[in-house]
Amino acid sequence: MRVKNYYYASSLEDAFSRLHESNKNAIIAGGLWMKKTAQEYDTLIDLSKLGLDKIEDKKDEVVVGAMVTLREFEHSPVIQSLNSGMTAFAVREVMGLQFRNMATIGGSIFGRYPFSDVIAGLIVLDVALHFYPEAKMSLVDYLSYKGKYDGILTHISIKKDNAKGYFKKVKATALDFPLLNISISKRNNKLYIALGSRPMTAALCLKAMDYLDKNPVDDEAINKASEIACEELMFSDSTNISKEYRIDLAKVYIRRGLKEVL
Amino acid sequence: MRKNLKVVNNKTHSLDGEALMMGRKSYSDDYAEPNSLVCKMLRSPHAFARIKNIDTSKAEALNGVKCVLTYKNVPHVAMSRAGQGDPAPSPMDKFILDEYVRFVGDEVACVAAINERIAEEALKLIEVEYEVYKPVLDFEKAYENETVIHPEDGIKQAFEMGFDPKKNVAASYDMEVGNVEKVLKECDVVIEHTVKTQAQAHGMLEPHVSNARLDEHNRLVIYTSTQTPFHVRRIMSRTLGLPLNKIRIIKPRVGGGFGGKQQFHCEFFVALVTLKTGLPAKMQYTRQEVFASSYTRHPMKISMKIGASKDGRIKAIDCHTLSDTGAYGEHALTVFMIVGSKVLPLYNKVDAVRFGGRVLYTNKVPAGAYRGYGAIQGNYGLETAIDKLAEALHMDPIELRLKNSMKEKETSPIFEIMGEGTKGTAMIMESCKLDYCIKRGAELIDWYKKYPVKDMGNNKVRSVGMAIAMQGSGIPFMDMGAATIKLNDDGTYMLTVGATDIGQGSDTVMAQIVAEELMTTVDKITIYSSDTDLTPFDVGAYASSTTYVSGNAAWKTAIKMRERLIKEAAKVLEAHTYDVEFDGVKFTTKDKEITLKDLAHRLTYVKDMQQISVTESYFGHVSPPPFMSAYAEVEFDKETYEFKVIEYVAVVDCGTTINPMLARGQVEGGLVQGLGMAAYEDVLYNSNGKMLSDSFLYYHLPTTKEVNKITVEFADSYEETGPFGAKSVGEIGIDTPPAVIANAVYNAFGVRITSLPITPEKIMKAVKEKNK
Amino acid sequence: MTLTCYVNGVLRTFDVTPDEYLADTLRRNGFFSVREGCNESACGACTVLLDDKPVLSCSILSAKAEGKHITTVDGIQDEAKKLSHCFAEEGADQCGYCNVGFALTVYSLKKHNKNATDEEIKEYIVGNLCRCTGYQSQLKAIKAYLKGE
């Protein structure tokens, strides 16, 4: 990575106008995955002086600034008590502690990394992304948004649904990328299932969810839902895991997860 | 065990631990001259190609670039980078830089510039035109392949080792005791078993790093992270045509080696840049280079055939092995031979044993020395085959091993036949507590309560697996180490050794041995090691030789120093030497005494002034093997086959442990590295031969979370030929995990996983296949 | 560009490029205690504290440290000495290249959670790779250090 200028933005407006001065300008969050690219930048724009590092506990939702680090997020009592703690749990699976002291919630989501544990953990909840210039989009919509989004991610809000959640990251060693992510929640009497790192970015298993919505949830329905989930999403091989094994794992953990949240 | 040991076999803190924890300037790169040129390497993008044209003019014209090395302007001398003795038992098939590149990541050109950024920019300006050839990536297809990886002239072997480059053979070897075919025919039960082992990366935390400068007399002084400073000096002297005494190699603290730093990395390049420019130069591999441009463990295919009588007597072992040495033949022959020589003698009561096969070149990252050195591959083959044999015989695997394994005072004909690339050395096992190790390990893991498997409910089962292992202690009649002890004028000692501390703690161990013999404490011994100008010779840290070979040298020197001191004291006390008693502090006769301190002062300043200094050397006449048993309890998920090792038990006979805590650290660290090879680590390539797992993000070292309980015990054992009864302990810990985990998988699910690493996916596939 | 920050409590200014990483800036200025192991945020050897939090100096741009407090092991020598004693007592010393990273991470743990359970300790140090020891002796040593032994 080569960088000509490093700039601390004084306001979101300032950051936004700087960003659009050149297509070689970019926002830097934690900057961890950025390091691995061979990109050349004119100006990296740092948002850390804009107060985007707070977690606010509001009546119906929790609002998390984009510059909140993964470590601050997982450690926050508000997040830990939110939705049976599953979001904190998902974030804690990312690399080591030092890494999580640097990586941010905003960077983890905005990059839409296919291996993201953060996205996999949040996607089964009611999560909205807030941008500058002012715009709001659900996490699910953002993941399917075509092309690079033009605005700056400033906050995310997580609805307090009193959800019950389950999160499983399958990995070889503790510092490994996920071989597969399985997340499940039950909120407002509806079951949500998502699979990430198949190796594609996490996605909801809408057909399986629909099936569970329409049928009494017993052992048979759980088995059936796990089958449907694996049929509706795409899986493929990676260097260290086959498509077939991914599917076998997904079925087992969907069944286990559903039983846990019921 | 020798009684009343005060320092040896007692708790002694590591001598360098505090400085390292406090972050003192310690490692090679910390000693680079502040204004050093930074060297960077242009590396081949092709698995096999010839450089048709290379144009460095633009790079050389870049402001700040001081030097560009290509095969056209460096010495063209065939050599081996293996870092072994002389003559080296590895083919001399490497040039510093060559017109051929033989793996993705092989060296093309080296740039030296005033800073890293300019060096990197300059790499991009080098124009190379390649003639690209079809690579050989599968070692099973390498023999007599139409692609010849080493077609060049001038490469050679120092002695006959089956080197046949036109057939892609780096080395080959065959031996037979008795008539294996005939004995197998007479056996009641014969099993066959073939396993494949993967490449493994050393993963030492300090990358390969060296730096050079010319001293005021224009001598070349190099700090380098190496396991073999004296071999580096010799090989460099010959290859560069520079007199040996014009080169000084200094090894400061080393951040881990595991065999990876026995070979050359940056040394030639910083040397050449400094010689050409007159300026100091430094080079540090990136982590990607450490993975993809250094060395790995040799991948192998090992086929075992074992025959036994129905009462469980193992009568014949036939082992055929193919080994993949990658693009260059560092350690090709010797690692290969250890698959036989340090594995097969475990079952020494056979009527016939055969070992043989080939080591083949491929267009992959070269293989080289790596802790275990063939023994871990062979152990996986043999010890899973023994479990298979036990099953065929309906015998308990522990009973089968106890019945057939090596016992004290026994021998194996293999010792005499197979050595380090040459003939071996006959030896009787004067110390072998393998029986005890096997029995004690079974107790510690509570084998008979847990064998073969228990259902734990909640989709979990727990099974147990076991294996036994042996290694060696240096290479007899080949590895030499030396030590010098000098008396200081206050009665403290200066100990200099060639022995190479690479983090295993050999400085501490050497100081303990000397302190024990001189009846003093470690704080009275100042140790300085591995500086070719200042310390005596030592082959270096490899082949499990340091404690045994270098330790014996230190011990011998200390004994001589004691005798010398008593002689000097006797003169002062006007007595016969046999009337003088020395307790480490003072010399006494019936009526007189003088303290060591006073004696040292007197000899320096007062009367009969002289420097008391003693040097002794040692080379082994035997290589007494350490032995061990290993047991693991492993918990599996019945549906996903994910597993974790609940407990790993190792009972080790390494003779006297000079430093029990450091010895335990060697075993524990070896076990976890072996567990990495057994379960997590895999060097992966794409179909063009580019390494994919060239980062800690994609190559998985075990973390603290993969490690649960490890129990290590040492057998009460005393090796007469070792220093204070010690044998080696550096390598043996790594040997067993692949076999132990594989055997535990079998005991859990009835399937044998015959390739490494053993992943949950492989187990699931095997179980599905079995249930078909 | 100029970087102004505190290193071990002392206000310092460094001349850096916008794409230089903190580990390089520190080593270039004589802080040799910062060990570079992988340069890809995966091994923990280069850990320093940034405003008291353990971070990977190989992967944080120096520009990000503007106005902040950096602590290297040179700034916590007494604590490092205590930890090294615990390591020595357990035989947890081998090549030592990871030790400084452990010292800073564990020092931070001691400040925040002196009574950490085994699992919490592992959670804290999982990003610190060690290839030598097998971790067991280190874990014992760290427990003793947290207890103040």
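This note sets out selected points on a predicted model, arranged by chain and by residue.

1. Helix packing in chain A. Helix α10 (residues 219–232) and helix α11 (residues 243–261) of chain A have axes that come within 9 Å and cross at roughly 140 degrees. Angles over 145 degrees would count as roughly antiparallel; α10(A) and α11(A) are therefore oblique to each other. The crossing of α10(A) past α11(A) is right-handed. On the side of α10(A), the contact is made by Asp219(A), Ile222(A), Asn223(A), Ala225(A), Ser226(A), Glu227(A), Ala229(A) and Cys230(A). On the side of α11(A), residues of the contact include Ile247(A), Ala250(A), Ile254(A) and Leu258(A), and also Lys251(A), Arg255(A) and Lys259(A).

2. Cis peptide bonds. In chain A, the bond from Tyr132(A) to Pro133(A) is cis, with omega near -5 degrees. Pro133(A) is placed in the loop between β6 (127–132) and β7 (135–138) of chain A. In chain B, the bond from Tyr451(B) to Pro452(B) is also cis, with omega near -10 degrees. Pro452(B) belongs to the loop between α13 (447–450) and β16 (453–457) of chain B.

3. The loop between β27 and α18 of chain B. This loop, between β27 (709–714) and α18 (737–749), holds Glu719(B). Glu719(B) counts as buried because its relative accessibility is 3%. Neighbours within four places in sequence aside, Glu719(B) is in contact with Glu430(B), Ser431(B), Pro624(B), Gly725(B), Ala726(B) and Lys727(B). Phe724(B) also lies in the loop between β27 and α18. Although not a glycine, Phe724(B) has a positive phi of about 50 degrees. Phe724(B) is buried, with a relative accessible area of 0%.

4. Overall form of chain C. Five helices and five strands make up the elements of chain C, in the order β-β-α-β-β-β-α-α-α-α from the N terminus. The C-alpha trace spans about 45 × 25 × 25 Å along its principal axes. For 149 residues, a compact globule would have a radius of gyration near 15 Å, and the 15 Å of chain C agrees with this. Of these residues, 68% count as buried. Among contacts between residues at least 6 apart in sequence, 58% join residues at least 24 apart.

5. A positive phi in chain C. Asn39(C), not a glycine, has a positive phi of about 60 degrees. Asn39(C) sits in the loop between α1 (22–28) and β3 (47–50) of chain C and is partly exposed, with a relative accessible area of 35%.

Technical notes:
Residues are numbered from 1 along each chain as its sequence is written. Chains are lettered from A and ligands numbered from 1 in the order in which they are written. This is a predicted model: local features need pLDDT of at least 70, side-chain atom pairs count only at pLDDT 80 or more; totals for chains, interfaces and linings use all residues. Side-chain values use heavy atoms; hydrogens and water are left out. Axes are lines fitted to C-alpha atoms, for helices over the stretch in contact, and angles run from 0 to 180 degrees between N-to-C directions. Helices (H or I, at least four residues) and strands (E, at least two) are DSSP runs, numbered from the N terminus. Angles under 35 degrees count as roughly parallel, over 145 as roughly antiparallel, 65 to 115 as roughly perpendicular and the rest as oblique. A crossing is left-handed if the near helix is turned anticlockwise from the far one by less than a right angle, and right-handed if clockwise. Contact means heavy atoms within 4.5 Å. The radius of gyration is taken over C-alpha atoms; the globule rule is 2.2 Å times the number of residues to the power 0.38. Buried means under 20% relative accessible area, exposed over 50%, partly exposed in between (1.4 Å probe, protein chains only).
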